[in-house]
Amino acid sequence: MSKNKNSDKSSTDNMSAYKMETAPFDPRFPNQNVTRYCYQSYVDFHRCQKKRGEDFAPCNYFKKVYKTMCPNAWVEKWDDQRESGTFPGRI
């Protein structure tokens, strides 16, 4: 039994080292429907990278938001559209 207690303790220690975060409140999007917040953050991230360069750290805020708020299928679709030049947004 002591073996299980030790493994339980180590898994608890690993979980306490990981901090889960979600996107912060944005007053531009006060409603529960986060579709527009997701889309706008995706566009803002790619605009920021295009304008400031890929190494510009503040752009990562938008990336964190869209990675948190957007379904993966949407992001994959938008990435494919950007690569093929058919993305509907202005980046």
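This briefing walks through the helices, disulfides and selected residues of the structure shown above.

The model is predicted, so local features are given only at pLDDT of at least 70 and side-chain atom pairs count only at pLDDT 80 or more, while totals for chains, interfaces and linings use all residues. Residues are numbered from 1 along each chain as its sequence is written, and side-chain values use heavy atoms, with hydrogens and water left out. The protein has four helices and zero strands, where helices (H or I, at least four residues) and strands (E, at least two) are DSSP runs numbered from the N terminus. A search of the whole structure turns up two disulfides, a disulfide being a pair of cysteine sulfur atoms within 2.5 Å.

**Overall picture**

- Along the sequence, the pattern reads α-α-α-α.
- Of the 91 residues in the protein, 24% are buried; buried means under 20% relative accessible area, exposed over 50%, and partly exposed in between (1.4 Å probe, protein chains only).
- Among contacts with a separation of 6 or more, 62% join residues 24 or more positions apart, with contact meaning heavy atoms within 4.5 Å.

**Helix 2 with helix 3**

- Helix 2 (residues 35–52) and helix 3 (residues 59–69) pack at about 150 degrees, with their axes 8 Å apart. Axes here are lines fitted to C-alpha atoms, for helices over the stretch in contact, and angles run from 0 to 180 degrees between N-to-C directions.
- The two helices are therefore roughly antiparallel to each other. For reference, angles under 35 degrees count as roughly parallel, over 145 as roughly antiparallel, 65 to 115 as roughly perpendicular and the rest as oblique.
- The crossing of helix 2 and helix 3 is left-handed; that label applies if the near helix is turned anticlockwise from the far one by less than a right angle, and right-handed applies if clockwise.
- On the helix 2 side, the residues that meet helix 3 are Y37, C38, S41, Y42, D44, F45, H46, C48 and Q49. Their partners in helix 3 are C59, N60, Y61, F62, K63, V65, Y66 and M69.
- By class, this contact has 11 nonpolar, four polar and two charged residues. The classes put Ala, Val, Leu, Ile, Met, Phe, Trp, Tyr, Cys and Pro as nonpolar, Asp, Glu, Lys and Arg as charged, and the others, Gly among them, as polar.

**Helix 2 with helix 4**

- Helix 2 and helix 4 pack at an angle of about 40 degrees, and their axes are 12 Å apart. That makes helix 2 oblique to helix 4.
- The crossing of helix 2 and helix 4 is right-handed.
- T35, C38, Y39, Y42 and H46 of helix 2 meet W74, V75, W78, D79 and R82 of helix 4. This contact divides into six nonpolar, two polar and two charged residues.

**The two disulfides**

- C38 and C70 are bonded, with sulfur atoms 1.9 Å apart. The torsion about their S-S bond is about 120 degrees, so this disulfide is right-handed.
- This pair links distant parts of the chain, 32 residues apart: C38 sits in helix 2, and C70 in the loop between helix 3 and helix 4 (72–84).
- C38 counts as buried at 0% relative accessibility, and C70 counts as buried at 5%.
- C48 and C59 form a disulfide with sulfur atoms 1.9 Å apart. Here the S-S torsion is about -80 degrees, so the disulfide is left-handed.
- C48 in helix 2 and C59 in helix 3 are 11 residues apart, and the pair links distant parts of the chain. Both of these cysteines are buried.
- With the bonded cysteines numbered in sequence order, the pairing is 1-4, 2-3.

**Residues to look at**

- Y37 lies in helix 2 and is buried, with a relative accessible area of 5%.
- Leaving aside neighbours within four places in sequence, Y37 contacts A23, P24, D26, F29, Y61, V65 and M69.
- Y37 and C70 are 33 residues apart in sequence, yet 8.7 Å apart in space, C-alpha to C-alpha.
- P58 belongs to the loop between helix 2 and helix 3 and is partly exposed, with a relative accessible area of 48%.
- P58 and C48 are 10 residues apart in sequence and 8.5 Å apart in space, C-alpha to C-alpha.
- Q81 is in helix 4 and counts as buried at 18% relative accessibility.
- Beyond neighbours within four places in sequence, Q81 is in contact with T86, F87 and P88.
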